[in-house]
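Here is a short briefing to read alongside the model. It goes through strands, aromatic rings, charged pairs and cores in turn.

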Amino acid sequence: MKTEIPIKVQSEAQHLINRYGQNFDYIGNFNGYEYYIYKFPEETITGFPFVYVYNSETEEVIEISGSRALDIIGELANN
């Protein structure tokens, strides 16, 4: 299990880190992209999760939320 979260992912999620702290899980690698999910504190009531897609070659990060984030989590769980 990956434990180091790329700096670029942390930068993209800074708005969440500032409010709730730094708490991510690595959820998988698919087609050369690394996937991370932001984990809110248990006592926090939230809507959809935030998934971060990281390309280690270009260091590009895409933040995904909404129903698409749920789709990605499901796809990774099935692979």
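Helices (H or I, at least four residues) and strands (E, at least two) are DSSP runs, numbered from the N terminus. By that convention, N55 is found in strand β3. Please keep in mind that this is a predicted model, where local features need pLDDT of at least 70, side-chain atom pairs count only at pLDDT 80 or more, and totals for chains, interfaces and linings use all residues. Residues are numbered from 1 along each chain as its sequence is written, and side-chain values use heavy atoms, with hydrogens and water left out.

**Around N55**

- N55 counts as buried at 13% relative accessibility; buried means under 20% relative accessible area, exposed over 50%, and partly exposed in between (1.4 Å probe, protein chains only).
- The side chain of N55 reaches the backbone nitrogen of T58 at 3.2 Å.
- Leaving aside neighbours within four places in sequence, N55 is in contact (heavy atoms within 4.5 Å) with Y33 and E60.

**Aromatic rings**

- A pair of aromatic rings is described by the distance of the centres and the angle of the planes.
- Rings of Phe, Tyr and Trp (its six-membered ring) pair if their centres lie within 6.5 Å; planes under 30 degrees apart count as stacked, over 60 as edge-to-face and the rest as tilted.
- Searching the whole structure on this basis gives six aromatic pairs.
- In one of them, the ring centres of F24 and Y38 are 5.4 Å apart with the planes at 85°, so this pair is edge-to-face.
- That pair links distant parts of the chain, with F24 in strand β1 (residues 24-30) and Y38 in strand β2 (residues 33-38), 14 residues apart.
- F24 is buried, with a relative accessible area of 10%, and Y38 is buried as well, at 2%.
- F40 and F50 make a tilted pair, 6.2 Å centre to centre with 55° between the planes.
- Both F40 and F50 lie in the loop between β2 and β3 (51-55), so their pairing ties together parts that are 10 residues apart in sequence.
- F40 and F50 are both buried.
- One aromatic cluster is formed by Y20, F24, Y38, F40, F50 and Y52.

**Salt bridges**

- The structure holds two salt bridges, each a side-chain nitrogen of Lys or Arg within 4 Å of a carboxyl oxygen of Asp or Glu.
- D25 forms a salt bridge with K39, and their closest N and O atoms are 3.5 Å apart.
- D25 lies in strand β1 and K39 in the loop between β2 and β3, so the pair ties together parts that are 14 residues apart in sequence.
- D25 is partly exposed at 31%, and K39 is partly exposed at 35%.
- R68 and E75 also meet through their side chains in a salt bridge (3.2 Å, N to O).
- R68 counts as partly exposed at 41% relative accessibility, and E75 counts as partly exposed at 40%.

**Nonpolar cores**

- A nonpolar core is a set of buried Ala, Val, Leu, Ile, Met, Phe, Trp, Tyr and Cys residues joined through side-chain atoms within 4.5 Å.
- The largest core has 14 residues, of which V9, L16, F24, Y36, Y38, F50 and Y52 touch the most other members.
- Helix α2 (14-20) and strands β1, β2 and β3 each supply at least two residues of this core.
- Not counting residues up to four places away in sequence, L16 touches G21, Y38, F40, F50 and Y52.
- A second, separate core of seven residues includes Y35, V51, A69 and L76.

Note on methods:
Polar contact = N/O pair within 3.5 Å; in protein donor to acceptor, adjacent residues only side chain to side chain.
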